[in-house]
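Subject: Structure for you to look at

Hello,

Here is the structure I said I would pass on. Please open it next to this message and follow along.

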Amino acid sequence: MRNYCALIVLILLGATSSCTYETISPKEPEVPTEISFNDNVIPIFNGICNNSGCHSTGGIPPNLTPTNAFVSLTFFGYVDLDVPEESEIYKRITDGSMKDYATDQDRAIILKWIEQGALDN
């Protein structure tokens with residue numbers, strides 16, 4: 001009986017120690033080297049922010065329509081050039097009210113735009 005128990009323990013140890021697990025790392029978002037506000041950021045706003053009327057003219061601030069987005073973000077303090085991660089626009093899409101609407105790529109593009117000086121280009 002004792003040998004039988006030892007055999008079962010050895011089998012269980014062998015079965016559990018032979019398991020290997022493959023870890024899957026999340027794919028890093030692809031972000032252009034140079035971010036253009038008009039070419040990279042505005043399409044994000046058009047796709048998730050102002051298409052439903054939420055952040056469009058007369059909607060919830062900030063106004064993220066192509067004509068008004070830059071002024072709305074920079075003039076009204078949604079961008080922090082000193083600490084880009086603390087920018088209100090970035091915090092809202094990262095862990096705030098808009099996090100479920102933005103993708104990792106959207107967040108990376110907006111953060112990089114701020115890090116590059118939040119230019120109107």
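Not counting residues up to four places away in sequence, which residues does threonine 65 touch? They are Asn50, His55, Ser56 and Thr57. Threonine 65 sits in the loop between H2 and H3, and it counts as buried because its relative accessible area is 13%, which is under the 20% cut-off. Please keep in mind throughout that this is a predicted model.

Now the overall picture. The protein has five helices and zero strands, so the pattern along the sequence reads α-α-α-α-α. Of its 121 residues, 30% count as buried. The accessible surface comes to about 8,200 Å², and carbon and sulfur atoms account for 56% of that. If you take the contacts between residues at least 6 apart in sequence, 52% of them join residues at least 24 apart.

In soluble globular proteins, nonpolar side chains tend to be buried together. Here the largest nonpolar core has 23 residues, and those that touch the most other members are Phe37, Val41, Phe45, Leu73, Ile110 and Trp113. At least two residues of this core come from each of helix H2 (37-48), helix H3 (69-75), helix H4 (88-94) and helix H5 (104-115). Leaving aside neighbours within four places in sequence, leucine 73 is in contact with Phe37, Phe45, Pro62, Leu64, Tyr78, Val79, Ile89 and Trp113.

H2 has 12 residues, and at 1.5 Å a residue it should span 16 Å; its end C-alpha atoms are 16 Å apart, so the two values agree. H5 also has 12 residues, and it reaches 16 Å from its first C-alpha to its last, close to the 16 Å expected.

The buried residues of H2 are Phe37, Asn40, Val41, Ile42, Ile44 and Phe45, and what covers them includes H3 and H5. In H5, the buried residues are Asp106, Arg107, Ile109, Ile110, Leu111, Trp113 and Ile114. These pack against H2, H3 and H4.

Alanine 69 is in helix H3 and counts as buried because its relative accessibility is 0%. Setting aside neighbours within four places in sequence, alanine 69 is in contact with Phe37, Ile42, Phe45, Asn63 and Leu64. Its C-alpha atom is 9.1 Å from that of serine 56, which is 13 residues away along the chain.

Alanine 102 is in the loop between H4 and H5. Why is alanine 102 classed as buried? The reason is its relative accessible area of 8%, which is under 20%. Not counting residues up to four places away in sequence, alanine 102 touches Ile48, Ile93 and Arg107. Alanine 102 and phenylalanine 45 are 57 residues apart along the chain, and their C-alpha atoms are separated by 9.6 Å.

There are a few backbone details to look at. Proline 61 and proline 62 are joined by a cis peptide bond, with omega at about 0°. Proline 62 lies in the loop between H2 and H3; it is also one of the contacts of leucine 73. At the other end of the list, glycine 117 follows H5 and has a positive phi, near 105°. Alanine 118, in the segment after H5, has a positive phi of about 50° although it is not a glycine. At 6% relative accessibility, alanine 118 counts as buried.

The largest pocket has a volume of about 200 Å³. Of the 15 residues that line it, Cys49, Cys54, His55, Ser97 and Met98 are the closest to its centre. Which helix gives the largest share of the lining? That is H4, with three residues.

Regards

Technical notes: Residues numbered from 1 in each chain as written. Predicted model: local features only at pLDDT ≥ 70, side-chain atom pairs only at ≥ 80, totals over all residues. Heavy atoms only, no water. Helix = DSSP H or I, 4+ residues; strand = E, 2+ residues; numbered from the N terminus. Buried < 20%, exposed > 50% of the residue type's maximum accessible area, 1.4 Å probe, protein only. Contact = heavy atoms within 4.5 Å. Areas by Shrake-Rupley, 256 points an atom, 1.4 Å probe, with all protein chains shown as cover. Core = buried A, V, L, I, M, F, W, Y, C linked by side-chain atoms within 4.5 Å. Expected span 1.5 Å × (residues − 1). 1 Å grid on protein atoms, 1.4 Å probe; cavity = no way out; pocket = protein on both sides within 12 Å on 5 of 7 lines; lining within 4 Å. Points joined across faces, edges and corners; volume = space filled by probe spheres on them.
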